[in-house]
Amino acid sequence: MHHLNFKPVTAYLLVIACAGCAGNGGGGDVVGSVDQSLATAESAAQTGRQAISTGTAAAKSVPATQTELSNLLVSRLGVSQQQALGGAGAIFQAAKANMEPQAFSSLSQSVPGMDQMLSSAPSTGVSSMLGGAQSKLGTAASLASQFQQLNMSPDMANQFIPVVVDYVRDTSGQAASRLLQSALTTAP
């Protein structure tokens with residue numbers, strides 16, 4: 001992006017104004033036209049600043065990090081945007097089922113777009129049916145069911161997990177990724 005620098009224009013206009021004043025006996029027309037030119041230049045600068053500000057605000061309204069994860073999944077695994085969001089949401093739901101509420105709350109706050117991903121995941125009752133010592137097995141069954149609902153092979157969950165865990169490590173740190181990985185580790 002090019003930044004407009006009005007200082008040379010302003011200096012040039014002032015030189016013209018002074019020259020006009022000296023040669024004109026202090027004629028107000030030249031000064032008036034310099035003032036008008038400066039006002040026009042300032043107005044153009046303000047319009048440019050507003051356009052930049054509007055563009056920045058629009059860019060901030062789209063959660064970039066959330067789309068970064070889904071775009072990463074789309075590019076690495078060749079899935080659709082809907083499958084990427086739903087699959088990531090399913091993985092985070094599975095982690096939530098196996099984590100302490102405070103730990104998951106901390107994780108969800110460190111991953112931008114978590115709410116949208118969670119709401120994009122298909123619902124399943126498998127993990128709630130299996131509990132206790134079988135919660136890890138329930139996690140695998142739940143993920144398999146959710147990935148099938150997204151028209152993906154249940155094996156795709158095993159391809160999603162490392163991408164999501166690496167993403168969490170890169171955006172939220174090593175401790176968060178270890179916590180997520182631990183919650184997703186399935187029993188043999």
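Which helix is Ser70 found in? Ser70 sits in helix α3, covering residues 64–77. Helices here are DSSP runs of H or I with at least four residues, and strands are runs of E with at least two, numbered from the N terminus.

## About the model

This is a predicted model, where local features need pLDDT of at least 70, side-chain atom pairs count only at pLDDT 80 or more, and totals for chains, interfaces and linings use all residues. Residues are numbered from 1 along each chain as its sequence is written, and side-chain values use heavy atoms, with hydrogens and water left out.

Ser70 counts as buried because its relative accessibility is 2%. The labels work like this: buried is under 20% relative accessible area, exposed is over 50%, and partly exposed is in between (1.4 Å probe, protein chains only).

Leaving aside residues up to four places away in sequence, Ser70 touches Gln81, Ala84 and Leu85. A contact means heavy atoms within 4.5 Å.

## Thr139 in α8

Now over to helix α8, where Thr139 is found. Thr139 is buried too, with 3% relative accessibility.

What does Thr139 touch, not counting residues up to four places away in sequence? Its partners are Ala94 and Asn98. Ile91 is 48 residues from Thr139 along the chain, and their C-alpha atoms are separated by 9.0 Å.

## Asn151 in a loop

Asn151 lies in the loop between α8 (135–149) and α9 (156–172). With a relative accessible area of 69%, Asn151 is exposed.

Asn151 also has a positive phi of about 60 degrees, although it is not a glycine. Most residues other than glycine have a negative phi.
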